[in-house]
Amino acid sequence: MTLPYRIGHGYDLHRLEPIGEGGLGRPLVLGGVEIEHDRGPVAHSDGDALLHAVTDALLGAIAAPDIGQLFPDDDPRNESEDSKVFLEAAAQAVHAAGYRVGNLDATVICERPKLSPFKDLMRANIAAGLGVEVGCVNLKGKTHEQVDAVGRNEAVEVHCVVLLVRDDA
Ligand code: MG
């Protein structure tokens, strides 16, 4: 692992179901922010698709096992787990591999709710979890233009790329 830079890509999708009586959805959490909404992710952990995609991008960049291998969804220890735990474990693995986060860019795609009021807080949460300046973390919110499952508000989808810089580079 001698490259001065390493790039990682992460992707996640969670099905969104109604929350409340009889509903399978958990409260909607994205980037560590709980968002008032009538639907939420079906998940073993807290279902934070944004933190899951960021975690996988970090792990991918250092060619480590992915989030599902490190934190299996059939392990009771991960039941309802705060996804910040996964993010911080990945950040530690990056550090142990001799790299630091240069910058990351993520795109969250969902039809509703609007994410713009929460973006700054999400960025701050991710930056804090990684121990980097908030300017190293970018976030974009998109809709799916009412097309397919994401466009019908049946899922939330996240893409993330991260650039790592070797500590001595
Ligand atoms: Mg996930």
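Here is a short chat about the predicted model shown above.

Reader: Before we start, what pLDDT do local features need here?

Author: Residues are numbered from 1 along each chain as its sequence is written, and side-chain values use heavy atoms, with hydrogens and water left out. Since this is a predicted model, totals for chains, interfaces and linings use all residues, side-chain atom pairs count only at pLDDT 80 or more, and local features need pLDDT of at least 70.

Reader: Okay, how many helices and strands does the protein chain have?

Author: Helices (H or I, at least four residues) and strands (E, at least two) are DSSP runs, numbered from the N terminus. Going from that end, the order reads β-β-β-β-α-α-α-β-α-β-α-β. That makes five helices and seven strands.

Reader: And what is the radius of gyration of the protein chain?

Author: This one is taken over C-alpha atoms, and the globule rule to hold it against is 2.2 Å times the number of residues to the power 0.38. For 169 residues the rule gives 15 Å, and the chain comes close to that, so it is as compact as a globular protein of that length; its own radius of gyration is 16 Å.

Reader: What share of the residues counts as buried?

Author: Buried means under 20% relative accessible area, exposed means over 50%, and partly exposed is in between (1.4 Å probe, protein chains only). Of the 169 residues in the protein chain, the buried share is 44%.

Reader: How many salt bridges does the structure hold?

Author: You count one when a side-chain nitrogen of Lys or Arg is within 4 Å of a carboxyl oxygen of Asp or Glu. One of them joins Arg15 and Glu17, N to O at 2.9 Å. In total, the structure holds eight.

Reader: Arg112 has a salt bridge with Asp38, so how many residues apart in sequence are the parts they tie together?

Author: The closest N and O atoms of Arg112 and Asp38 are 3.7 Å apart. Arg112 lies in the loop between β5 (99-109) and α4 (119-130), while Asp38 lies in the loop between β3 (33-35) and β4 (39-41), so the pair ties together parts whose separation in sequence is 74 residues.

Reader: Asp120 and Arg123 pair up too; is Asp120 buried or exposed?

Author: Asp120 and Arg123 form a salt bridge with their closest N and O atoms 4.0 Å apart. They sit three residues apart in helix α4, which means about one helical turn separates them. Arg123 is partly exposed at 21% relative accessibility. Asp120, at 58%, counts as exposed.
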